[in-house]
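Please examine the fold shown below, domain by domain. The account that follows it moves from the division of the chain to its sheets and helices.

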Amino acid sequence: MRSERGIPPTSPAVNVEALHGHLNGKHRLSPLETPVKVLGINALFHDPAAALVLDGRTVAAAEEERFTRRKHGHRPVPFAAWELPEQAARWCLAEAGLEVTDLDAVTYSYDVGLARPAADLGLHDPWDHLRQTYAREAPGFLATALPGLDPAQVRFVPHHVAHAASSALAAPYVGDDEPVDVLVLDGRGECASHLAGTYHHGRLTVHHTQELPHSLGLLYEDLTDHLGFLRSSDEYKVMAMASYGEPRFLDELRRRVRAGEDGGFVTERIDWQTLAKRVEPGQEWSREHADLAASVQTRLEEVLLDLARWLRARTGNRRLTLAGGVALNCVANTVLHEDSGYDEVWVQPAAGDAGTSLGGALHAAAQAGDALVPMAGADLGRRWTEEEIERQLRTARVPYDRPDDIAAAAAECLAADGVVAWFQGRSEFGPRALGHRSLLAHPGRRENLERLNDVKGREQFRPVAPMVLLDRASGIFSRGPLPSPYMLFVHDVAPPVA
Ligand SMILES: [Fe+2]
């Protein structure tokens, strides 16, 4: 969706009031008998996904792409809104040995009751009305996809509340007495692109939201598109490219993109073409494109710092959780960790829209009164037994053996400069390969970066991540929070090693 920015923001109080109405008033989820079994669904914008929360514990979560093998579930075009995470939802239930009729609720991470026509929000999005229609009819569609489901069990959760819950209610400190702040930033929800709030004992207080068309996520999407990448999909490539450029367009970005005194921000329309020529299909990137990426990345970090500092000054809390697609920007996350004033910053590994499936379910469980259990790890997806793997290898006639010591065998292969495809346990929830479905290579050989990018069919400016033993990490890395298991922060290599 393209936005026409530059119009003044509408009163954020309208949205804050509406959200509080949802959380505490007539739209509040009706009481459920605890403990509850909740299936969370994300379907509307990007990355259709399903998650299952039983008795306050996250037991399964997966994106539909893991089953369809279609990245992001679908192409990010308007008509794609029809795609439900049918296979992921059925798998979640099967994984827990549940039938649809065992569920107490199904959450849908978009509340059509909060939405307003795109034109009223200053967005040029001619198909948005189809999206709204689809969302309104989602309970019926879900009942068709999951036979036995009563459409009345489907509960709409505001998009940014689902994002907020996906982080703050999954964090290691959920259940602590101490309140925790949450900052949500994405392309868009129903009518906002940002939420600043605080969770305490499972209840969210919203301090501020930024209404559309102002959106840091859409700003980054616009740049992604201008640089010849796929909008709503390839933003991480822009972040990688930024590290190769100089932010020489920063003055212009500072004029156009600004944080306000009230915890919100303004994103005025940017004429990208005057800064760097649009990259058409087949064209190469040049220095000016990397400089433009670096300028937007730097300005994003500056504005995020302003927003986080505003929230910290308002609440005085020590802990910050982040969610929304912008929270996948690991470079910005480290800046927030270092300079925002918060002692701790935590990001849930599926920070993008997939995570709203989990957040919706956690929100319902918290409102029902369940005690929530912190997320144990990103390995919440599908698992394969030894027998299943062996059957596949035989069918494909792939030679195989079973080393007595798998770690020693892998280390030997790496030392001999081999590439190891490491497949272990359940697949990761979220976009990053975190040691469950990862390619490994010797980090001591510089040429292995190019080699891995070739193996993966990626652009050569794309980075890879180091993996080290936890008790060695603080001696090797000098910046960013440790442990850092989700590839959501960047770290400097400490002087003795660098
Ligand atoms: Fe989102």
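The model is predicted: local features need pLDDT of at least 70, side-chain atom pairs count only at pLDDT 80 or more, and totals for chains, interfaces and linings use all residues. Residue numbers start from 1 along each chain as its sequence is written.

The chain is divided into domain 1 (2-175 + 351-368), domain 2 (211-347) and domain 3 (386-424 + 433-464); such bounds come from an automatic or database domain assignment. The centres of domain 2 and domain 3, taken over C-alpha atoms, are separated by 33 Å. Contact between these two domains involves four residues of domain 2 and four residues of domain 3, where contact means that C-beta atoms, placed from the backbone, lie within 7 Å. On the side of domain 2 that touches domain 3, three residues are nonpolar, none is polar and one is charged. In this classification Ala, Val, Leu, Ile, Met, Phe, Trp, Tyr, Cys and Pro count as nonpolar, Asp, Glu, Lys and Arg as charged, and the others, Gly among them, as polar.

Strands (E, at least two residues) and helices (H or I, at least four) are DSSP runs numbered from the N terminus, and two strands pair if DSSP finds at least two bridges between them. Strand β3 (residues 49-54) runs antiparallel to β4 and is joined to it by six bridges; Leu54 has Arg57 in β4 as its bridge partner.

Which residues of α3 are buried? They are Glu86, Ala88, Ala89, Trp91 and Cys92, a residue being buried if 20 or more other C-beta atoms lie within 10 Å of its own, with C-beta atoms placed from the backbone. Their cover includes β2, β3, β4, α2 (65-68) and α5 (138-145). Gly97, with a positive phi near 70°, follows α3.

Helix α11 (residues 287-315) takes part in two helix pairs. Its axis and that of α8 (residues 235-242) come within 8 Å and cross at roughly 105°, which means that α8 is roughly perpendicular to α11, a term for angles of 65 to 115 degrees. Val238, Met239, Met241 and Ala242 in α8 meet Ala290, Ala293, Ala294 and Gln297 in α11. The axes of α7 (residues 216-226) and α11 come within 11 Å and cross at roughly 175°, so α7 is roughly antiparallel to α11, the word for angles over 145 degrees. Here Leu216, Tyr220 and Leu223 in α7 meet Ala293, Val296, Leu300 and Val303 in α11; this contact has seven nonpolar, no polar and no charged residues.

Notes:
A residue is buried if 20 or more other C-beta atoms lie within 10 Å of its own, exposed if 12 or fewer, and partly exposed in between; C-beta atoms are placed from the backbone. Axes are lines fitted to C-alpha atoms, for helices over the stretch in contact, and angles run from 0 to 180 degrees between N-to-C directions. Angles under 35 degrees count as roughly parallel, over 145 as roughly antiparallel, 65 to 115 as roughly perpendicular and the rest as oblique.
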